[in-house]
Amino acid sequence: MSINEGSVVLSKDKNCVEIIDQTLLPLEERIISLSTPEEIYDAIYYLKVRGAPAIGICAGYGMYVLAKQIKKEPFLDELLRLGDYLNSSRPTAVNLSFAVNRLCNVAKKNILLPREELLELMRLEAEKIHKEDIEMCRSIATFGLELVKAGDTILTHCNAGPLATSKYGTGLGTFFLAKEKGIELKAYCDETRPLLQGARLTVYELQNAGVDCTLICDNMAAALMKQGKIDACFVGCDRVALNGDAANKIGTLGVAVLAKHYGVPFYVFCPSSTVDKNCKTGDDIVIEERKSSEIFEMFYEKPVAREGTKCYNPAFDVTDHELITAIVTEKGIWRGDESFETFLRRKNIID
C-alpha cells in the first residue's frame, strides 16, 4: 500500500480491512488489519483511519468483512445492528453512514439470494464505493486547477489528501495533479490543533510528492494573509448542508473569517457524498465532541494543564456559506451565483 495511493484496502484474502495507521505518522508507517466490529470502530474513532472519504471506504469494506462473519439469524437484523454500531463512531462524517447504508441496502434488496451470492454483491458494492472515490478525487483535482496558476501559494487546514481519501485527495488533490502536470504550487500548512493532522499528515504527503510546503502554527495564518503571502485557502469537508454551509476540522471557520477580511479566496472541496440531504443549514449538523486529553496531553511528554482542567473539544466547526468563495465538487464548481441547492439539483448530485 502506497501513502500517495490512499490508506484503505480490502485484504487479498478478503477477510479483513487493511489501513495505514495514521496515528503513527509521520514517524512510522504501519499497516494494520481490522476484522472485528471493535477493531473497525476503534480505528475510526481513534483516527487510525480518518478523512470523510477514507472512513467511508473503510466502512464499506468493514461491513462486507463483518457480514461474512454473521452466524446469528436473522442475518439482516444483525447486519443492521453492526451498521448502527459503526455509525456511532464518528457522527459528523456523513460518508460513514453513506457507506454503511449502501451496504445494508444491497443486503435488504437481495436478502432472498443464497448467502454467498449476497456477500459477493456486498463486496462489489464496497469496491464500487472505493472506485467512485478515486474517480471523484481526480475530477475534483482537475476542477481545482481552474482556481490556481503556477507559483501560487495556498494555505491548507487539516488534511484532505490521499491519506484521507483513495488517491489524490480532495482539498489537496490539486497539488498532486499540478505536480504531475509540471505546475509548481507552494503551500503553507496549518498544524491543525489539537490533533495536528496538518503537521503530521499534510506536510508529510506534500513532502513525499515534492511540493514546496511550510508548516505554521494555526495562529500564524492571519499574519501571512496580512503580508500578502497567501493566494488562496484550500480545505476539505466532512459534511455539507443544502445551503452550502460546510463542516470541517475545528479551526476552518477561523481561516474563512480571516480570508474574508483580507480578500483571500476561500475554497471548499466537497465530494458529493459529503452533501447531507437532511441538513438544510449548518445548524442541523451534529458536531462531535472529543476527549479533553487530546488538548493538553496527547502529543505532549507531560500534560500542559492541571489534571481536572475543564476543556471544550469540538472536532469540527461549520463555515457559513457566505464566507465560502466557491465549493468544488467532482461535477463542477459552485461560485455562489445561484443557491447551492439549485446547483446540486442542476448537477444531479441530489434529486
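**Briefing: sheet, cores and a buried loop serine**

The model is predicted, so local features need pLDDT of at least 70 and side-chain atom pairs count only at pLDDT 80 or more, while totals for chains, interfaces and linings use all residues. Residues are numbered from 1 along each chain as its sequence is written, and side-chain values use heavy atoms, with hydrogens and water left out. Helices (H or I, at least four residues) and strands (E, at least two) are DSSP runs, numbered from the N terminus.

- Strand β9 (residues 246-249) runs antiparallel to β11 and is joined to it by 4 bridges.
- Within β11, Thr319 stands opposite Ala246.

**Nonpolar cores**
- A nonpolar core is a set of buried Ala, Val, Leu, Ile, Met, Phe, Trp, Tyr and Cys residues joined through side-chain atoms within 4.5 Å.
- The largest core has 43 residues, of which Val8, Ile19, Leu79 and Met122 touch the most other members.
- Elements supplying at least two residues each to this core include β3 (31-34), α2 (52-69) and α5 (115-144).
- α2 gives the largest share of this core, 12 residues.
- Another core, of 30 residues, lies apart from it and includes Ala246 and Phe340.

**Ser11**
- Ser11 is located in the loop between β1 (8-10) and β2 (17-20).
- Ser11 counts as buried because its relative accessibility is 5%; buried means under 20% relative accessible area (1.4 Å probe, protein chains only).
- Leaving aside residues up to four places away in sequence, Ser11 touches Cys16 and Glu18, where contact means heavy atoms within 4.5 Å.

Technical notes
Buried means under 20% relative accessible area, exposed over 50%, partly exposed in between (1.4 Å probe, protein chains only). Two strands pair if DSSP finds at least two bridges between them.
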